[in-house]
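Please look over the sequence and the model shown here before reading on. The report that follows takes up helix packing, then the ligand, then some backbone details.

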Amino acid sequence: MKILVTGGTGYIGSHTVVELQNRGYDVVIADNLSNSYEYVVDRIEQITGKRPDFHRIDLTHKEQTADLFKQHSVLSGVIHFAAFKAVGESMENPLDYYRNNLDSLINVLEGMKNNSIRNIVFSSSCTVYGQPDELPVKETSPIKEAWSPYGNTKQMSEDIIRFAVNAHGLKSIALRYFNPIGAHDSALIGELPLGVPNNLVPFITQTAIGKRKSLKVFGSDYNTHDGTAIRDYIHVVDLAQAHVVAIDRMIDNRSKLDFEIFNLGTGNGFSVLDVVKSFEKVAGQKLNYELTDRRPGDIEKVWADTSFANAELGWSAKRNIDDMMRSAWKWELALSDNK
Ligand code: WQD
């Protein structure tokens with residue numbers, strides 16, 4: 001059976017392609033390489049021994065996307081990652097974010113409708129919850145007004161899918177990620193931020209390897225155990241495996257609703273300084289960091305209630321924070337070896 005993975009050379013996409021191929025699926029990747037590199041296809045083949053079929057394509061182009069679906073009209077499902085995903089960047093270029101993230105989704109759904117492809121897993125985000133009123137946050141927790149165009153595109157995408165599913169007899173599972181970090185144990189694929197990393201963990205490892213002078217800890221006056229903000233970090237391989245569970249569920253007709261939503265987290269919240277301490281432990285070296293002001297737009301604390309995903313999907317995150325940081329460090333070391 002063949003699965004189309006859009007954004008499949010990206011961070012979470014590439015790890016998901018590996019897990020799909022390990023599961024025995026054939027994979028087609030569609031990616032415009034705006035935030036990833038084609039050599040990731042070679043790395044996936046190195047890991048699994050199977051080469052995904054790669055198409056460099058901009059999914060915001062209606063005709064290109066329609067042609068892709070004509071070429072691969074017999075698909076068992078789609079996993080849709082392709083999107084811009086930097087919160088700060090979306091504040092500066094909201095129109096690019098709406099056009100890119102929504103047009104690409106609409107073109108993919110259209111391709112599915114026109115080729116009778118029923119199943120789509122959608123890459124969503126806990127950012128749809130904003131700062132939850134109560135923790136841990138459940139799938140039924142209220143969706144707050146978006147704090148960024150990025151988060152808004154995730155909320156709007158879920159609504160677009162909800163209506164398309166009803167109108168065109170599709171099935172969908174939206175996976176709301178918490179904070180994906182870490183890398184595949186082979187250190188052949190991992191997070192590849194372009195330029196200065198926005199996210200915490202690549203900034204930590206780049207500081208430790210000497211690419212950055214020191215980590216700025218954004219805020220030390222939050223109402224948390226050590227004053228720094230709390231997130232639910234989840235290993236990217238745990239996350240990738242959840243996508244295989246989700247596509248299997250739909251293909252095997254085990255979905256209970258045509259559109260299901262699951263939180264993908266560990267259920268554990270860690271502060272920025274907790275993550276730094278974990279890194280120092282697994283890397284065996286001190287990290288240069290300084291406590292600075294809060295970053296505008298950041299929420300204080302969030303972690304997932306994972307009971308619904310655990311019970312319904314029969315999936316739970318297996319890797320702990322030290323596993324995540326150890327794999328992130330191994331990946332950073334491999335990147336510098338390949339310089
Ligand atoms: C984590 C914590 C920062 C960098 C975002 C998106 C989310 C998802 C993941 C796409 C926060 C602190 C960070 C630094 C720091 N993206 N931090 N110094 O903001 O929780 O989530 O990325 O799907 O949708 O919202 O992740 O890694 O940027 O920050 O102190 O140099 O680390 O303040 O508390 P975030 P992050």
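## Helices α5 and α6

Helix α5 (residues 94-114) and helix α6 (residues 149-168) have axes that come within 10 Å and cross at roughly 20°, where axes are lines fitted to C-alpha atoms, for helices over the stretch in contact, and angles run from 0 to 180 degrees between N-to-C directions. That angle makes α5 roughly parallel to α6, since angles under 35 degrees count as roughly parallel, over 145 as roughly antiparallel, 65 to 115 as roughly perpendicular and the rest as oblique. Helices (H or I, at least four residues) and strands (E, at least two) are DSSP runs numbered from the N terminus. The model is predicted, so local features need pLDDT of at least 70 and side-chain atom pairs count only at pLDDT 80 or more, whereas totals for chains, interfaces and linings use all residues. Residues are numbered from 1 along each chain as its sequence is written, and side-chain values use heavy atoms, with hydrogens and water left out.

The crossing of α5 and α6 is right-handed, a term for the near helix being turned clockwise from the far one by less than a right angle, with anticlockwise giving left-handed. In contact (heavy atoms within 4.5 Å) are P94, Y97, Y98, N101, L102, L105, I106, L109 and K113 of α5 with P149, Y150, N152, T153, M156, S157, I160, I161, A164 and H168 of α6. These residues divide into 13 nonpolar, 5 polar and 1 charged, where Ala, Val, Leu, Ile, Met, Phe, Trp, Tyr, Cys and Pro count as nonpolar, Asp, Glu, Lys and Arg as charged, and the others, Gly among them, as polar.

## Two further helix pairs

Helix α3 (residues 62-71) also meets α5, with axes that come within 9 Å and cross at roughly 35°, and this crossing is right-handed. K62, T65 and F69 of α3 make the contact with N107, V108, E110, G111 and M112 of α5, which by class gives 3 nonpolar, 3 polar and 2 charged residues.

The axes of helix α7 (residues 200-209) and helix α9 (residues 272-283) come within 11 Å and cross at roughly 40°, and α7 and α9 are therefore oblique to each other. Their crossing is right-handed. L200, V201, I204, T205 and A208 of α7 touch V272, V275, V276 and F279 of α9, and this contact has 8 nonpolar, 1 polar and no charged residues.

## Around the ligand

The ligand is surrounded by 20 residues, of which the closest are Y150, L200, K216, R231 and D298; a residue is counted if one of its heavy atoms lies within 4 Å. An oxygen atom of the ligand is 2.8 Å from a polar backbone atom of L200.

## Backbone details

Most residues other than glycine have a negative phi, and most peptide bonds are trans. L135 and P136 are joined by a cis peptide bond, with omega about 0°, and P136 sits in the loop between β5 (119-125) and α6. L33, although not a glycine, has a positive phi of about 60°, and L33 is found in the loop between β2 (26-31) and α2 (39-48).

Definitions and conventions
A polar contact is a pair of N or O atoms within 3.5 Å; within protein, one must be able to donate a hydrogen and the other to accept it, and residues adjacent in sequence count only if both atoms are side-chain atoms.
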